[in-house]
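Trainee: I would like a close look at a single part of this model, followed by a walk through its surroundings. Please keep it plain.

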Amino acid sequence: MSGKGVGASVPRTEDDRFLRGRGQYVADWRVPGTREVAFVRSPVAHARLRGVRVPEGCAGRVFTAADLVGVKPVRAITSIKGFKLSSEPILATGKLRFVGEIVAVCVAETRAEAEDLAEQVELDLEELPAVSDMLEARRPGAPLVHEEWGDNVFIETVEDRGMTDEVLAAPLKITREIRTARQCMFPMEGRGALAFFDARLRYLTLVSATQMPHIVQLGVADCLGLPDSAVRVISPDVGGGFGYKGLLCREEVVLGWLAQTLGHPVRWLEDCREHLTANANCREHHYVVTGYATREGRLLGVDCVAHVDAGAYSVYPTSAALEASMVASLIPGPYDFRAYRCRSAAVATTKCPILPYRGVGRTGVCLAIEAVMDGIAREIGVEPHEVRRRNLVRPEQMPYDNVMGRHFDGGDYPESLRRAVEGIGLDAIRARQARGEPDGRLIGVGVAIFCEQGAHGTTVLASWGRPVVPGWEQAIARLTVDGDLEIRVGTHSHGQGHETTFAQVAHEVLGVPFERIRVMQGDTLYTPFSTATWGSRSMVMGGGAVAEACRILGERAKTIGAWLMQADAADVSVSEGCVTSASASVTLAEVARAWYLQPQHLPPGVDTGGLEVTAGYRAKRDSGTFSYATHAVCVAVDPGTGLVEILDYVVVEDGGVLINPMIVDGQIRGGTVQGIGTGLFEAVPFDAQGQPLASTLIDYLLPGAADVPEIRVLHMETPSPNTTFGAKGIGEGGAIGPPAALVSAVNDALRPLGVELQGVPLGPERILEAIAAAARKGGDA
Amino acid sequence: MKPVAFETVRPASLAEASRLLVRHPDAKLVAGGQSLGPMLNLRLARPRLLVDITGIPDLTTVSRTVDHLVIGACVTTAAVEDGRGGLDAVPMLAGVAAHVAYRAVRNRGTVGGSLCHADPAADWPTALAALGADVIMSDGVSGRTVPVAHLITSAFETALAPGEILVRIRVPLPSRDARWSYVKITRKAGEFALANAAVLDDPERAILRVAIGALRGPPLVIEDARTLFSGPVSAASLDRAALAPLLDAAGVDSETQRTLHLTALSRAADQAASSSRALAS
């Protein structure tokens, strides 16, 4: 083989342009006559909007809700029973519900001039009390975000499975209360869109930095009252997404309306303040979780009350229900127990909506359940990893249906844990702790283990009540006249390297030289419909579809090739770019030339679909793949500054068969860095008036190169029994484990001081306050 | 995040720059623009005129007298980091410079600009105050000299009068055996400090000076810091009880803040004690 098929660490095709600064992002598109757009945004968290005063002489340049006649609000529904609908107007009317909500739009030659206009627009507001905290929002008498609901709850989910009095009377009862900060996903490229009417193809064309062009196409068309066939969405190179670009933006709808109404192109590029405050945040959870266990630390059951701060509106297409219902279903983690109760609520507050961020609910959930494990370990006096080991699903139980009915498709969870503990060098760290540090810092070690459902199929998504349920993921494969291969997919790479990995898959099936395979994506005009790239699904679904399309294309080539060689089609095979019989072979280029240019040489009854195939793929069992990983971290905590330094970090990951191990390592490292951000740095606090307090990168800290250790990645490989090549979804895992591992490690370090922290991020003030509080308590005792 | 419309001028002389400032009360001086730039983009600063002083030759020169290093206000932090043009005469400066933001900012950002921006959490006010530096200010006609510690009157406010421009920074040359350290506590490399502190121990000149920064206002400078230490300078000899009222007076009102400042100073004391001879031979 060429060494470029499945399993090869092929350098990324797209890196040539990315690393030379030749990527083509939204901001790089140039359409003559484009004008720039700035938005007037709500300065307050909660107010009645009594009026909008547009300055004199600004007609045709400033637009408010009153101008958007017939434009429908964003309504992200779910069929889950009891879900309360929020209707998000494209431009605000009636009430403002978060700082940054769009009230008006201004159009000018330059962005600076558009911002000048925006400054002159006056809002007549009657301020209402903000609802900044999700627990406060549930108190009786709390101000209502949506008055017609009667409370501030989008949806409450209740799970109750197998809980008995016996479990509740277990000898150990460990409760932890955990809060995770509200974060902002921060891809290098923010959002942005360019809209214009294409008179030749008669499309309203939207060039947008999105993960899901077809979903945006549907959403924009729906809001503007157009058929989806009137809208084309191009998603060019996208500089990271992580979920941030997985929604329909009101801004995209406004731009579409402006382009239609004004007849010239318009563009909006999100600035950093809009990015941090106004579009979408993520991750803000609160848990009270209790584990019931035996004296030996064997978990019998778990009880949890979880809250997710969903912000003011339900976003399209994921809806405000997604995260809270995921939380409820994921708390059991990789553990084997049969009694479980969870009450989870998605709470509306006067803050911007949340979106699922890489790992989605799992990051907080992992932190919650691992805190219980650490609590049990403290209580019974054994190593935290040992408590985990006693409770993990064992390999001989696989495939395993957990208490929530999740179908774990295979793997050896205890072995992953063992390798991580060995990899981090637990014994040496314990010895080092006993010696103490010359600089007075305290060393700690932590582990976290999780499994990760990815590539959820139709059955799962339908059961979640999603308005858009993925089905047969499709790919188009076409052999060109010269025997090159064109692949078109509906998923969209926003950094994952699909141009490389999908070409590896096609190369594996057909043997067309890797360099002669072109992967095309990100344009609703020429790619198959897809819910696109989210939920660690692209390689399993899109890759499966590419393989299937190539397989069928190979069958067609075999028929023609066999005829050209005067062989029986049953006796030939396709490999290394040729159709080969026992005695002869013809290249795929020769096959293609016969089809396109010399049809007189084609066999009778040849498939008139020719050398272009659209094929669909679903996993044999579509309940999702289950990657799993253990994260182990060694930290040094400085009790004089409250700062945490990561000394060593090990990830043991099983993602099934890896298509491109180098890319997977990059995914794991990148995700882990984001998880470190969650664990140590990132937070958007709000004051009591609902003002976001991190509106620049001075206040919103992201982990930088100097803050991140060398992350050592070790692999295990348990092929999925249900997918092509045995691949599993792997894109999100890195971001799930770090907060749990870091909290565990910092608590291990601070244990001699009597400190146990819950929640993230672990900033210096939180750590210093906890140390001071423990000292006061110790002093009193 | 685009600024309001403004004009820029690049005068060739100090007198002209000063005249422009007097004539246009809403004008702003700009040198490296590393703090002003973001403030313009956020529209927190809305000048109608920017007076770019980087073209004034006097402001970019470095010279040395018998007992001072004299640094033009528009000398960049990167030049200090690299010790270019004689800036290595006070070798302590390069170590401070190397931790100001990150290199791209240091390439444009100036020492004078940082002082005039008067961010309490910045590096230069604390470090230069500990070194006993003065600033020379001029309105184009006459000049005056004030200690760095008195330039900053409160957060983001300075003693500069209308039309007055910071021209030079005068740093006393330390003795060969002077010991020094500057400690900065940040959450991330290159961020503004949560706490910072500098110690200059120069027995030959009979100086033991301490500066504590990242407070609410100007740095707290303890000219004669012998009273703070019960013996030779070290963390162990630091009299925390003596420092506490000084921090209180400087507006430190939380226990964690107090801990951070104490840690910064303790570590600066230890590092000064263990520092090798500060001056290159």
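Is A:Gly642 buried or exposed, and how many other C-beta atoms lie within 10 Å?

Mentor: This is a predicted model, which applies to every value below. A:Gly642 is buried, because 25 other C-beta atoms lie within 10 Å and the cut-off for a buried residue is 20 or more. A:Gly642 sits in the loop that links strand 26 (625-637) and strand 27 (644-654) of chain A. Leaving aside residues up to four places away in sequence, A:Gly642 touches A:Pro764, A:Glu765, A:Ile767 and A:Leu768. A further pair to look at is A:Gly642 and A:Glu769: 127 residues separate them in sequence, while their C-alpha atoms are 8.8 Å apart.

From this loop we can turn to the contact between the chains. Chain A contributes 21 residues to it and chain B contributes 14 residues. On the chain B side, helix 10 (residues 255-274) gives the most, with 5 residues. By class, that side of chain B consists of 7 nonpolar, 3 polar and 4 charged residues.

Chain B itself is divided into domain 1 (7-51), domain 2 (61-172) and domain 3 (179-274). The centres of domain 2 and domain 3 of chain B, taken over C-alpha atoms, are separated by 20 Å. Their contact draws 23 residues from domain 2 of chain B and 21 residues from domain 3 of chain B. On the domain 2 side, helix 4 (92-97), helix 7 (123-130) and strand 8 (152-154) of chain B each supply at least two residues. Helix 7 of chain B gives the most to that side, with 6 residues. The side of domain 2 that touches domain 3 in chain B has 15 nonpolar, 6 polar and 2 charged residues.

There is also a record to set beside this division. An unreviewed UniProt entry lists residues 1-176 of chain B as "domain: FAD-binding PCMH-type". In the model, the end C-alpha atoms of residues 1-176 of chain B lie 49 Å apart, and the span is 30% helix and 24% strand.

Chain B also holds an open sheet of 4 strands in the order 11-12-13-14, with antiparallel pairing. Its edge strands are strand 11 (179-185) and strand 14 (220-222) of chain B, each of which pairs on one side only. On average, neighbouring strands of this sheet are turned by 5° against each other, direction ignored. Strand 11 of chain B pairs with strand 12 (residues 195-202) of chain B over 7 bridges, in the antiparallel sense. One residue pair here is B:Tyr182 with its bridge partner B:Ala198, which lies in strand 12 of chain B.

How values were computed. Residues numbered from 1 in each chain as written. Chains lettered and ligands numbered in written order. Predicted model: local features only at pLDDT ≥ 70, side-chain atom pairs only at ≥ 80, totals over all residues. Contact = placed C-beta atoms within 7 Å. Nonpolar A, V, L, I, M, F, W, Y, C, P; charged D, E, K, R; others polar. Domains from an automatic or database assignment. UniProt positions renumbered as here; feature names shortened; annotations may be inferred. Buried ≥ 20, exposed ≤ 12 C-beta atoms within 10 Å, placed from the backbone. Pairing = 2+ DSSP bridges. Axes fitted to C-alpha atoms, helices over the stretch in contact; angles between N-to-C directions.
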